[in-house]
Amino acid sequence: MRIGRIAGIEVTLDWSLLIIFILISFTLAAGVLPTWHPEWSQPIILITAVTAALLFLASVLLHELSHAVVGRRLSISVPRITLFVFGGMAHMEGEPRSWKDELGMAIAGPITSLALGFGFLYLAGALAGPIEADPEKPMDLLSSLGPVATVFFWLGPINIVLGLFNLVPGFPLDGGRVLRAVLWGLSGDLLRATRWAAAAGQAFGLLLIASGFAMVFGLTVPVFGSGPLGGLWLALIGWFLSNAAAMSYRRLATEQGLGRISVSRVMQRDPATVAPETSVQAIIDDHLLGHGQRAFPVVKGNDRLQGLVCLADIRKLEPSKRSETPVSAIMTPVDELQVAAPSESASAVMKRLGERGINQMPVLKDGRLVGLISRENLLTWLSLQQGSAHEAKLSARS
């Protein structure tokens, strides 16, 4: 869900964010706030819990905005921020140009969270005023706070923990990006630095998974405590971090493997095409059976693209209707398609294919179809490049 723009950066919310919002609100309303303030009425507790949850999500947004703003000042394009169940993500277009840019952008988020944490604690103290605290009765101090001070007092430590957690040196956490920046600066090799930082991220993720399962089985883990719910949540976070680290390295390796080659180098030239009036059954008989192509541009006249029909589109149509149904009835129209240009970089197309969850794109030049680019084309190129590199290494050793 798109909620608007802040400082020129698009902010979107993933539906999974609802999970963390409900979880925080429920934890505060059912456990924390009744313990701190047993005298409060249920409406006050509920309003305070929801307000705290919303302000926490706003804190996460500020954390990600700091990455984006600093990145833009360092000439790193960050067009969009997405908040989801595990926090937030600033979507960068490409990698930083230098290790110094990476370091500056990475450290901005934890600094923002730590500043917010200490700022909230200061505001809580200012609102509470002078209080005589009895070390033997700490709950008396909490019960003396009003609703606003209580929210700030809860947000302070939470943001501090968020800042410190993100400083863990495991990619793709901010601390992992700091580690990658340092390794990049020392080695001069971004891919190697990413591999090392991603390995640290995977190791940290596996540690969280192991700790989470230990909590599920009743063991007490330092800092995290014990309990099945907290353990499952911790294991889920660890799984996410481990997979994100591996995917981040694979993405960069893919981009570097593709290098600066253009779409025209790897696309399928002269792909089989069909006319809009062609029946679906004719495509099956004349093209699908016995051929490797699984997506067919629909063209009319002078190679003017009308749409694209895929195997998935054909499967949705009842077999009894295939002979009488024209391709134009089931194709994806051209104005709804992602298309590529022959001069576009192959790595950019690979990224778009992944973001859109599609397998191929028509390639157009001046509105005319000149080819078809697919994941298979790109992976074949990568496989050939990796094979050549391996042979070169073997030759050098011999």
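I began at arginine 80, which stands opposite histidine 91 in β4. I take strands as DSSP runs of E, at least two residues, and helices as runs of H or I, at least four, numbered from the N terminus. This is a predicted model, in which local features need pLDDT of at least 70 and side-chain atom pairs count only at pLDDT 80 or more, while totals for chains, interfaces and linings use all residues. Residues are numbered from 1 along each chain as its sequence is written, and side-chain values use heavy atoms, with hydrogens and water left out.

**Sheet**

I looked up the partners of β3. β3 and β4 run antiparallel and are joined by 5 bridges; they form a hairpin with 2 residues between them. Strands count as paired if DSSP finds at least two bridges between them. On β2, I found parallel pairing with β3 over 4 bridges. Threonine 12 stands opposite threonine 82 in β3, and leucine 13 opposite leucine 83 in β3.

I then noted the whole sheet: it is open, has 4 strands in the order β1-β2-β3-β4, and its pairing is mixed. β1 (2-6) and β4 (87-91) are the edge strands, each pairing on one side only. I checked burial of β3: 4 of its 5 residues are buried, so the strand is largely enclosed by the rest of the structure. Buried means under 20% relative accessible area, exposed over 50%, partly exposed in between, with a 1.4 Å probe and protein chains only.

**α2 against α5**

I found that the axes of α2 and α5 come within 10 Å and cross at roughly 35°. Axes are lines fitted to C-alpha atoms, for helices over the stretch in contact, with angles from 0 to 180 degrees between N-to-C directions. The contact (heavy atoms within 4.5 Å) includes Phe56 and His63 of α2 and Trp154 and Leu155 of α5. I noted its residues as 11 nonpolar, 5 polar and no charged. Here Ala, Val, Leu, Ile, Met, Phe, Trp, Tyr, Cys and Pro count as nonpolar, Asp, Glu, Lys and Arg as charged, and the others, Gly among them, as polar.

Leaving aside neighbours within four places in sequence, isoleucine 24 is in contact with Ala53, Phe56 and Trp154.
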